[in-house]
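This report walks through one protein structure for a reader who has not seen it before.

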Amino acid sequence: MCVPEFNNGGPRPPQPSIDPKDHATYMRLALDQAQESPPKPSNFRVGALLVDETTGSILARGYTLELEGNTHAEQCCLIKLAQAHDIAEDRVGELLAGDVVLYTTMEPCNLRLSGNLPCVDRIIRTRGEGGKGGIRKVYIGVQEPEKFVGENKGRAKLEEHGIEVVHVAGFEEDILRVATAGHGR
Ligand code: HJL
Ligand code: ZN
């Protein structure tokens, strides 16, 4: 189908607005992202969104293995936002001056079997000197199941660094079904 050019290069049409307090809608959109991820036995299928909590606008979306390499959902959000602004991922916090929160279907990882930098550390480094700006709060749909790395201390580490972690209840079953779809029986 041919999608007509909507605005002929003019200002972008506003995104349909979501009430910033409607956490269930954002978590549902994060779950939609998780469903884009290819099923694999070696990791979970996770989806994530970066949201400006003042305006409700979605700054970036991501899912597991969306970008080249062994990429996590949260990592893809940060890299995509950085790429859109032509800066390196480790400087993406400089773009996040407002009230920025992360929605992720699964608690961010604190240890990766591959040895890659865990998403918790990527989130913490967005905070910059003195913990100003950056990602201020993380909404999670489920804790990470103890399958690959035992107990994930991601939530505790975020909280130690002054980042609030809030569980959005009600999606656990769907999130885990999507996350483990490639794991066999
Ligand atoms: C979260 C993801 C994803 C995981 N967790 N929050 N988002 N894949 O996108 C956590 C799991 C790691 C394994 C394997 N998964 O992914 O613990 O190979 O995927 O580095 O530890 O590590 P690698
Ligand atoms: Zn991760």
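A search on a 1 Å grid over the protein atoms alone defines a pocket as an open set of points with protein on both sides within 12 Å along at least five of seven lines, and its lining residues are those with an atom within 4 Å of a point. The model is a predicted one, in which local features need pLDDT of at least 70 and side-chain atom pairs count only at pLDDT 80 or more, while totals for chains, interfaces and linings use all residues. Residues are numbered from 1 along each chain as its sequence is written, chains are lettered from A and ligands numbered from 1 in the order in which they are written, and side-chain values use heavy atoms, with hydrogens and water left out.

The largest pocket is lined by 19 residues, and those nearest its centre are Asn43, Phe44, His72, Glu144 and Phe148. Its volume is about 310 Å³, where a volume is the space filled by probe spheres set on grid points that are joined across faces, edges and corners. The lining consists of nine nonpolar, six polar and four charged residues; here Ala, Val, Leu, Ile, Met, Phe, Trp, Tyr, Cys and Pro count as nonpolar, Asp, Glu, Lys and Arg as charged, and the others, Gly among them, as polar.

Two of the residues nearest the pocket centre, Phe44 and Phe148, also belong to the aromatic pairs. Rings of Phe, Tyr and Trp (its six-membered ring) pair if their centres lie within 6.5 Å, and planes under 30 degrees apart count as stacked, over 60 as edge-to-face and the rest as tilted. By this rule there are three aromatic pairs, including the two in the table.

| Pair | Centre to centre | Between the planes | Type |
|---|---|---|---|
| Phe44 and Phe148 | 5.0 Å | 65° | edge-to-face |
| Tyr103 and Tyr139 | 4.5 Å | 10° | stacked |

Phe44 lies in the loop between helix 1 and strand 1 (47-52), and Phe148, 104 residues apart from it, in the loop between strand 4 and helix 4 (154-160), so that the pair links distant parts of the chain. Helices (H or I, at least four residues) and strands (E, at least two) are DSSP runs, numbered from the N terminus. Phe44 counts as buried because its relative accessibility is 6%, whereas Phe148, at 23%, counts as partly exposed; buried means under 20% relative accessible area, exposed over 50%, and partly exposed in between (1.4 Å probe, protein chains only).

The pair of Tyr103 in strand 3 and Tyr139 in strand 4 likewise links distant parts of the chain, 36 residues apart. Both Tyr103 and Tyr139 are buried, and together with Tyr26 they form one aromatic cluster.

In helix 5 (residues 172-179), the residues Ile175, Val178 and Ala179 are buried. They lie on the same side of helix 5 because they cover an arc of only 100° around the axis, the arc being that of the directions from the helix axis to the C-beta atoms. The buried residues of helix 5 pack against helix 1 (23-34), strand 3 (100-106) and strand 4 (135-142), with contact meaning heavy atoms within 4.5 Å.

Two loop residues other than glycine have a positive phi. For Leu65, in the loop between strand 2 (58-63) and helix 2 (73-84), phi is near 70°, and the residue is buried, with a relative accessible area of 19%. For Asp86, in the loop between helix 2 and strand 3, phi is near 60°, and this residue is exposed, at 71%.

How values were computed:
1 Å grid on protein atoms, 1.4 Å probe; cavity = no way out; pocket = protein on both sides within 12 Å on 5 of 7 lines; lining within 4 Å.
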